[in-house]
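The sequence and structure come first.

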Amino acid sequence: MTVQSFEKGFNDKLDKELTIEPRDWMPDDYRKTLIRQISQHAHSEIVGMLPEGNWITRAPSLRRKAVLLAKVQDEGGHGLYLYSAAETLGITRDEMFDQLHTGKAKYSSIFNYPTTTWADMGAIGWLVDGAAIMNQVPLCRTSYGPYARAMVRVCKEESFHQRQGFEIMLTLAKGTEQQKKMAQDALNRWWWPSIMMFGPADDNSPNSEMSMRYRIKRFTNDELRQKFVDVTVEQTRILGLEVPDKDLKWNEERGHYDYGKINWDEFWAVVKGNGPCNKERLEARKTAWENGAWVRDAAMAHSQKRKERSSKKEAA
């Protein structure tokens, strides 16, 4: 068969909304785009454990500790699903970790901001995980089968994370005046980073066109961002808090909220490694990788011994 016939078969599958599987023929650009997106997604899950893990021992009650611990554990599992999905495309996990540790691979800019109060755990769950759900639910219909299937479970668990965050914010917002101020302060600090989390504007996004063409993504960055704003503004009113955007207003003609100008200089500075916690987050991941070497070595040695025992039994 010719390359043209393979391409036709690939495009026919996309047109029929059939999933592309690991053994199917796929264009190099499709494979590269998937590896970039899925590995970046996986990196975001495990780096995202860091700002929250820091609060497990400081959560205000045993219930809060248990719930936050479960959430952080979920995020580690999400990373595992996604690394496994990326490996079906021919890249190894060691290669992906090396790309993360050397700065070649990126992760979500949102995780390079500090968590200074307990209210940040609420804001992250409500806003950050809310934005993640907005972005990830359409990925359950992404064109690559292993990625789509991984996202089904990820999204179910992310919905729990979002509700957990909103419940924290609601408790604080309905509490004492000091607690309400804490919730408002967290909202003030996390609102714009959450808006930026959807990525650059469509006219300045280098990867969106290809991702949309290959049906890896179903909606553009700006479409998802607008949907997030529309939904979250209404949730903010339920909390009795104020969105930190003086230009926010309902546009009757568009049927959407208009919102203020995004500080793209800040966004790109964080993406390029110059955010408040970039160096801290990356250093923590490198240290964890180095300190965990003995565990990986032990697991490999155990696996090798089991193979050798199995081979001896078969020979006997």
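Arg-189 and Asp-120 form a salt bridge, with their closest N and O atoms 2.6 Å apart; the term means a side-chain nitrogen of Lys or Arg within 4 Å of a carboxyl oxygen of Asp or Glu. The pair links distant parts of the chain, since Arg-189 lies in helix α8 (residues 177-196) and Asp-120 in helix α6 (residues 119-136), 69 residues apart. Helices here are DSSP runs of H or I with at least four residues, numbered from the N terminus. Arg-189 is partly exposed at 28% relative accessibility, whereas Asp-120 is buried at 0%. Buried stands for under 20% relative accessible area, exposed for over 50%, and partly exposed for what lies in between, computed with a 1.4 Å probe on protein chains only.

The model is predicted: local features need pLDDT of at least 70, side-chain atom pairs count only at pLDDT 80 or more, and totals for chains, interfaces and linings use all residues. Residues are numbered from 1 along each chain as its sequence is written, and side-chain values use heavy atoms, with hydrogens and water left out.

A search of the whole structure gives 19 salt bridges. One of them joins Asp-12 to Lys-8, with 2.9 Å between the closest N and O atoms. Both residues belong to helix α1 (residues 3-15), where Asp-12 and Lys-8 are 4 residues apart, about one turn of the helix. Asp-12 is partly exposed, with a relative accessible area of 29%, and Lys-8 is exposed, at 53%.

Another salt bridge connects the side chains of Arg-93 and Glu-87 at 2.8 Å, N to O. Arg-93 has a relative accessible area of 24% and is partly exposed; Glu-87, at 31%, also counts as partly exposed.

Turn now to the helix packing. Helix α5 (residues 93-101) packs against helix α12 (residues 278-291) at an angle of about 140 degrees, and their axes are 10 Å apart. Axes are lines fitted to C-alpha atoms, for helices over the stretch in contact, and angles run from 0 to 180 degrees between N-to-C directions. On the α5 side the contact (heavy atoms within 4.5 Å) is made by Asp-94, Phe-97, Leu-100 and His-101. Helix α12 contributes Leu-282, Arg-285, Lys-286 and Trp-289.

Conventions. Helix = DSSP H or I, 4+ residues; strand = E, 2+ residues; numbered from the N terminus.
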